[in-house]
Amino acid sequence: MISSRVIIAVLYVLLAPFVIGLLDGFDRKISARMQGRKGPSVLQPFFDLKKLFEKEFLTANKTQLFMIYSYVFFIILSGVIFYAGFDLLLVVFSLSTAAMFLILASTSTHSPYSAQGTHRELVQIMSCEPMELLVAVGFYLATKTFNVSEVVANSVNSNIIYLPGFFVGFVFILTIKFRKSPFDIATSHHAHQEVIKGVTSEMVGKEYGMVTLAEWYENAILLGIVGLFFLNSNPVSFVGAIIAILVVWFLEILIDNTSARVKWQLMLKLAWGVTIVAAGMNLFLLEIIMG
Amino acid sequence: MEMLVTALICLPFLWAILPAVIHNSKCRAFFVYLGCGIVIALSVFTAVQWFLAGGQTLNFDLPYRETFDHVILFGDLFLMCLITYLSFKYKKGVISLLAIVQTLLVAALELFGPEVEELPALRFDWLTFVMILIIGVVGSLIGIYAVGYMHGYHIHHHKELTDRRSFFLAMIFVFFGAMFGLVFSQSLIWMYFFWEITSVTSFLLIGYTRSDEAINNSFKALWMNLLGGCGIAAAIAVGILAWNTVNLYEIIDLAIAAPKALYLLPIGCLAFAALTKSAQFPFSGWLLGAMVAPTPSSALLHSATMVKAGVYLLIRISAAMADNYVGNMVALIGGFTFLAASCFAITVSDGKKVLAYSTISNLGLIVACTGCGYEETIWAAVFLVIFHAVSKSMLFQCVGAIENTTGSRDVEDMQGLMAIFPKLAVILMIGIAGMFLAPFGMLISKWAALKAFIDTSSVYVSTLMVLFICFGSATTMFYWTKWLSKILGASPKEKTRDLTKKNEYISMFFHAIMMVALILGFPWLSEHVLKPLSNDMFGTVDQVISYQNMIIMIVLLVGIFVVPCFNYFLTKGQKAKQVITYMGGANVGDNFNFVSSTGEPKEMHIANFYMDEIMGEKKLFTPAIMISTFIIIVYMIIVIGGAF
Amino acid sequence: MSTIHKSPWLLHYDGSSCNGCDIEVLACTTPVYDVERFGVINTGNPMHADIFLVTGGINSQNAPVVKQIYEQMPQPKVVIAVGTCACTGGIFKECYNILGGADTVIPVDIYVPGCAARPESIIDGVVKGVALFKEKAAALEASQKAN
């Protein structure tokens with residue numbers, strides 16, 4: 001049992017970038033096809049990443065680099081806590097600590113675009129955090145434990161049947177977390193935008209590469225949480241979880257390609273509104289049922 | 001032990017005379033340092049002595065109990081007269097009514113009421129142990145800081161004000177004495193007396209500058225705290241009339257044994273009193289108003305003393321609040337305050353005001369924890385009390401020092417503080433980190449509180465509280481991080497002379513060291529202080545936080561200190577070409593100016609988000625007051641109505 | 001082996017021009033020409049860009065801007081002047097404020113003529129520029145080793 005947890009955590013550290021990078025490559029391919037283009041190779045994200053590490057290193061403030069290293073470290077640490085099956089609430093806390101390092105890294109340069117992006121990033125974090133915490137609460141209510149491994153081992157049925165509202169809320173904030181349109185307000189994948197590259201504006205070469213890598217690790221955790229809704233003690237549920245992850249992933253691409261950016265005010269209101277309505281209602285009902 | 005405790009309570013009161021009568025600045029400073037030194041030494045010595053003796057709960061009396069009883073009775077009456085005089089002097093006579101009613105009620109019951117069972121007046125247990133260390137150490141350090149600060153305050157910055165430093169420093173000592181008395185008392189009458197002293201002293205400290213604003217705010221503080229005092233007076237009245245006792249622990253035991261009807265009434269009254277003192281909504285106004293006073297008194301009121309008196313009492317009675325109406329009221333008010341105050345903290349840019357709201361918000365979390373009344377929440381609450389006292393005191397001192405040095409305490413003006421005043425910036429960062437970052441106090445407490453609230457029996461309270469905490473922690477993260485992000489980075493200002501006095505630095509560095517020690521010593525603290533504490537209150541010793549999570553937290557902890565340092569040295573030697581930041585290619589050679597449309601260089605200013613339109617004070621303050629008043633009134637009616 | 005030639009990110013700067021070339025550059029990213037299939041991303045940030053694509057001539061006001069942006073790009077980098085104006089100053093050459101083509105302020109690697117330059121020729125220029133990266137990356141590596 002313990003050895004399998006260690007193996008999963010090690011696999012996470014080793015494989016997450018490859019899996020998520022590949023998903024990212026397919027994402028770009030699918031997006032291109034949706035727009036009637038051919039699109040780049042599915043390995044493009046890896047080419048990009050490698051290139052970033054090969055570029056010359058310029059910087060506006062040297063403190064930025066060590067903040068980014070710390071950011072990567074904390075993201076990976078949260079992932080290890082999650083995939084090794086420890087406390088879900090601590091995963092969320094650790095993720096928000098990591099996010100703080102990203103914010104410090106980008107504001108340390110005193111650049112208008114990265115400052116603008118950072119403050120929007122902060123709003124994004126504020127929009128998402130209640131839902132992330134509530135997901136942990138939901139799992140606790142359904143299974144009486146915050147421990148990821150026990151959540152899986154103790155549930156006879158997939159927890160989604162108790163937590164549909166939490167799931168809806170979580171998928172909603174995933175769009176924000178993945179920096180997808182309509183909530184790509186903190187940074188942008190496209191040129192000619194008012195934020196330039198937002199949070200990552202002043203990150204050059206390997207710094208940007210590290211941040212990209214960290215985002216892949218983070219996405220692996222988030223998709224893992226999506227999977228957790230479907231996992232139960234039966235190993236077959238693993239297949240269901242994978243399918244669910246892929247469906248959610250495709251849904252995010254679809255949303256990305258069919259919507260235009262909104263203002264942060266609307267994002268905040270929408271995210272909190274959905275959290276209160278979907279997750280709050282589910283929480284209330286679950287409290288009554290589990291009484 | 002009796003002698004030590006007597007000294008601890010009486011000495012500060014007597015020592016207060018010294019700064020009051022000595023007007024030579026140097027000489028007075030010496031006596032204040034000496035006094036603070038003695039208070040630190042005495043409190044630590046007493047605490048250690050008791051700890052080494054095995055940490056047994058002690059019930060005892062001061063020598064000459066009879067005399068002290070008389071002193072307290074006369075003290076109560078004296079305070080009443082003082083309040084009446086001052087309120088008429090400043091044409092706010094109505095306020096004196098509050099004082100007169102409650103004091104006469106208590107005095108009359110004491111003199112003419114039924115005979116009260118004679119029980120020891122004082123008690124020393126684990127919670128007292130924690131509290132005297134906080135008051136003794138953090139409080140005295142503020143005292144040390146105050147000497148240097150007040151010097152700069154009058155000599156450099158506020159020459160127009162009357163120099164009443166003697167009075168100010170004397171009041172600080174009175175505060176210590178009152179707080180020590182408060183945490184030792186088990187007789188409600190004694191507690192009431194010390195409670196009133198803190199109310200009056202804080203009133204006097206807030207009104208220190210005697211400006212119109214200061215006087216208005218001080219009276220606001222006075223009436224709110226007197227209202228709280230009425231709560232204690234009512235509890236005393238119920239205790240004497242119904243069960244012939246004024247002993248806090250007897251009342252608590254009665255309420256635990258039969259948590260309904262009449263037994264709950266005194267607990268409700270005490271909880272009400274504690275809510276006013278810990279500045280929960282709707283009584284937050286006084287703590288915000290307290291900002292007009294010089295920084296040391298804000299630090300004193302916010303961190304180690306005044307507001308802690310409220311949460312201390314709540315922690316005391318929390319076992320009697322588990323899963324009943326009083327507990328629900330306290331929890332809801334606390335949770336609501338946690339969320340609302342942190343929203344307001346986002347919208348203000350005055351550093352001290354951010355701190356004020358964050359104090360209220362943090363106290364909200366503590367209050368919510370006590371209202372839940374489970375072991376793990378008390379564990380969390382005590383943790384938060386400790387962390388909050390140290391880091392908030394440090395933050396206030398630091399903001400005060402920054403204001404003295406740079407002339408502004410606005411967060412917006414702290415851009416790049418790291419580059420110009422690195423020492424102050426580091427202290428500020430440690431303080432902020434201590435307030436909200438993972439593995440520090442806040443995280444552990446949120447973790448425990450969430451878990452406990454999910455298990456709370458009332459579905460409504462449970463759901464609401466979980467939502468309050470989830471949203472509150474998001475908003476808390478927002479305002480701290482945005483402050484933190486201002487400090488780092490480059491500064492457009494030139495380096496100037498640091499005007500911070502040596503003794504201010506001593507106090508702040510000591511706080512920083514304490515903070516780090518607390519963080520590193522947290523497993524020990526949990527094992528050797530908080531476990532016996534919860535054993536005291538609940539008679540059980542469960543491991544609140546699992547061994548596994550403890551390990552993770554230690555990893556996080558190491559991470560947060562070691563990883564950035566390690567990375568710092570790793571990247572230090574990194575060769576990097578320095579470039580200027582991207583401003584569409586329009587920088588004028590540096591990161592602070594750009595070429596404007598007229599071709600002239602123009603300074604760029606980057607401001608934080610304040611979200612005034614979404615959650616501003618103007619928009620939400622009144623609704624927040626109304627909602628919280630509604631909660632309090634409804635629950636108090638239930639509690640009072642249930643008693644008859 | 002460097003992969004920079006597989007993901008050249010563009011930074012597009014439009015100087016003193018009639019905006020014709022400007023629009024043609026954007027046309028390259030549309031489904032018809034789909035320059036992204038070569039891994040090209042149109043980025044708005046010099047810090048992330050590998051190829052500096054200049055359209056339009058250089059005048060006395062934008063000269064320092066172009067220079068600054070060029071300096072903010074990390075090595076290895078390629079500059080492509082697109083359109084006659086960017087190559088020589090074009091029809092605006094004799095204007096009082098025009099200094100000339102992009103090469104008056106920064107070293108240009110590839111010249112793409114045309115008024116306006118056709119998307120096909122722009123893509124051709126980009127692909128030629130990408131080919132240069134191999135040498136440039138090797139030179140950078142060598143210079144880093146030498147240090």
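Trainee: How many residues does helix α11 of chain B have, and how far does it reach?
Mentor: Helix α11 (residues 261–277) of chain B has 17 residues and reaches 25 Å from its first C-alpha to its last. That is close to the 24 Å expected at 1.5 Å a residue. The expected span is 1.5 Å times one less than the number of residues. Helices are DSSP runs of H or I with at least four residues, strands are runs of E with at least two, and both are numbered from the N terminus.

Trainee: What am I looking at, by the way, and how do the labels work?
Mentor: It is a predicted model, where local features need pLDDT of at least 70, side-chain atom pairs count only at pLDDT 80 or more, and totals for chains, interfaces and linings use all residues. Residues are numbered from 1 along each chain as its sequence is written, with chains lettered from A and ligands numbered from 1 in the order in which they are written.

Trainee: Back to α11(B). How many of its residues are buried?
Mentor: 15 of the 17 are buried, so α11(B) is largely enclosed by the rest of the structure. Buried means 20 or more other C-beta atoms within 10 Å of the residue's own; exposed means 12 or fewer, and partly exposed is in between, with C-beta atoms placed from the backbone.

Trainee: What comes just after that helix?
Mentor: Ala279(B), which takes a positive phi of about 60 degrees. Most residues other than glycine have a negative phi.

Trainee: Where else is phi positive in a residue that is not a glycine?
Mentor: Asn244(B) is one, at about 55 degrees. Asn244(B) is in the loop between α9 (212–243) and α10 (248–257) of chain B. Asn19(C) is another, with phi near 70 degrees. Asn19(C) is in the loop between β1 and α1 of chain C.

Trainee: Is Asn19(C) buried or exposed?
Mentor: Exposed, with 11 C-beta neighbours inside 10 Å. Asn244(B) is partly exposed, with 13 other C-beta atoms within 10 Å.

Trainee: New topic. What is the order of the strands in the sheet of chain C?
Mentor: β2-β1-β3-β5-β7, an open sheet of 5 strands with parallel pairing. Two strands pair if DSSP finds at least two bridges between them. The edge strands are β2 (41–43) and β7 (110–112), and each pairs on one side only.

Trainee: How many bridges join β1 and β3 there?
Mentor: 5 bridges, in the parallel sense, between β1 (residues 9–14) and β3 (residues 51–55) of chain C. Leu10(C) has Ile51(C) as its bridge partner, and Tyr13(C) stands opposite Val54(C). β3(C) also pairs with β5(C) over 5 bridges, again parallel. There Leu53(C) stands opposite Ile80(C).

Trainee: How many residues of β3(C) are buried?
Mentor: 5 of its 5. Ile51(C), Leu53(C) and Thr55(C) are buried on one side, and Phe52(C) and Val54(C) on the other. In a regular strand the side chains alternate between the two faces of the sheet.

Trainee: Which peptide bonds are cis?
Mentor: One runs from Gln75(C) to Pro76(C), with omega near -15 degrees. Pro76(C) is in the loop between α2 (63–72) and β5 of chain C. Another joins Cys115(C) and Ala116(C), with omega about -5 degrees. Ala116(C) is in the loop between β7 and α4 (119–146) of chain C.

Trainee: And between chains, how many residues of chain A are in contact with chain B?
Mentor: 57 residues of chain A are in contact with 53 residues of chain B. In contact means C-beta atoms, placed from the backbone, within 7 Å. The largest share of chain A's side, 16 residues, comes from α5(A).

Trainee: How many residues of chain B are in contact with chain C?
Mentor: 5 residues of chain B, with 8 residues of chain C.

Trainee: Last one. Which residues touch the most other members of the largest nonpolar core?
Mentor: Tyr71(A), Ile236(B), Ala271(B) and Val382(B), in a core of 354 residues. A nonpolar core is a set of buried Ala, Val, Leu, Ile, Met, Phe, Trp, Tyr and Cys residues joined through C-beta atoms within 7 Å. The largest share of this core, 20 residues, comes from helix α6 (residues 126–157) of chain B.

Conventions:
Two residues are in contact if their C-beta atoms, placed from the backbone, lie within 7 Å.
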